[in-house]
Amino acid sequence: MRKQTLAVDVADVDGDGYADLLIGAPGEIGPGPKGNRSGAVTVLRGSKTGIATTGATSFNLADLGGPKGLASFGFRTVG
């Protein structure tokens, strides 16, 4: 069993005036046939009624053009 660590932060990342929830998951297995443990970050958008339950955005370091296999991506989120 692998121990998973999550990083959580709150910030207005899209500039709409509402706090968004950022969840970092270092070592998360990325997409692809073999996958990779590059880590991931998920953003749940805030709204006037709170955190939206739909429309979350998830990405990993490879999505941003970074190197594959850097398992520490998502280790820390800073708003």
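Predicted model: local features only at pLDDT ≥ 70, side-chain atom pairs only at ≥ 80, totals over all residues.
Local features were considered at pLDDT of at least 70 and side-chain atom pairs at pLDDT 80 or more, while totals for chains, interfaces and linings use all residues. Residues are numbered from 1 along each chain as its sequence is written, and side-chain values rest on heavy atoms, with hydrogens and water left out.

We can start with the sheet. Four strands form an open sheet in the order β1-β2-β3-β6, with antiparallel pairing. Strands here are DSSP runs of E of at least two residues, numbered from the N terminus, and two of them pair if DSSP finds at least two bridges between them. Because β1 and β6 (57-60) stand at the edges with a single partner strand each, one side of each is left without a neighbour in the sheet. From one strand to the next, the twist averages 20 degrees; for this value, axes are lines fitted to C-alpha atoms, and angles run from 0 to 180 degrees between N-to-C directions.

The antiparallel pairing of β3 with β6 covers 4 bridges, with S58 in β6 as the bridge partner of T42.

Turning to charges, a search of the whole structure returned 1 salt bridge, defined as a side-chain nitrogen of Lys or Arg within 4 Å of a carboxyl oxygen of Asp or Glu. D14 forms a salt bridge with R45, and their closest N and O atoms are 3.8 Å apart. The pair links distant parts of the chain, 31 residues apart: D14 lies in the loop between β1 (7-11) and β2 (20-25), and R45 in the loop between β3 (40-44) and β4 (46-47). D14 is partly exposed, with a relative accessible area of 34%, and R45 is partly exposed at 29%.

Buried means under 20% relative accessible area, exposed over 50% and partly exposed in between (1.4 Å probe, protein chains only); Lys and Arg count as positive, Asp and Glu as negative, with His and the chain ends not counted. Leaving aside residues up to four places away in sequence, D20 touches several residues, including D9, D14, V43, R45 and I51, where contact means heavy atoms within 4.5 Å.
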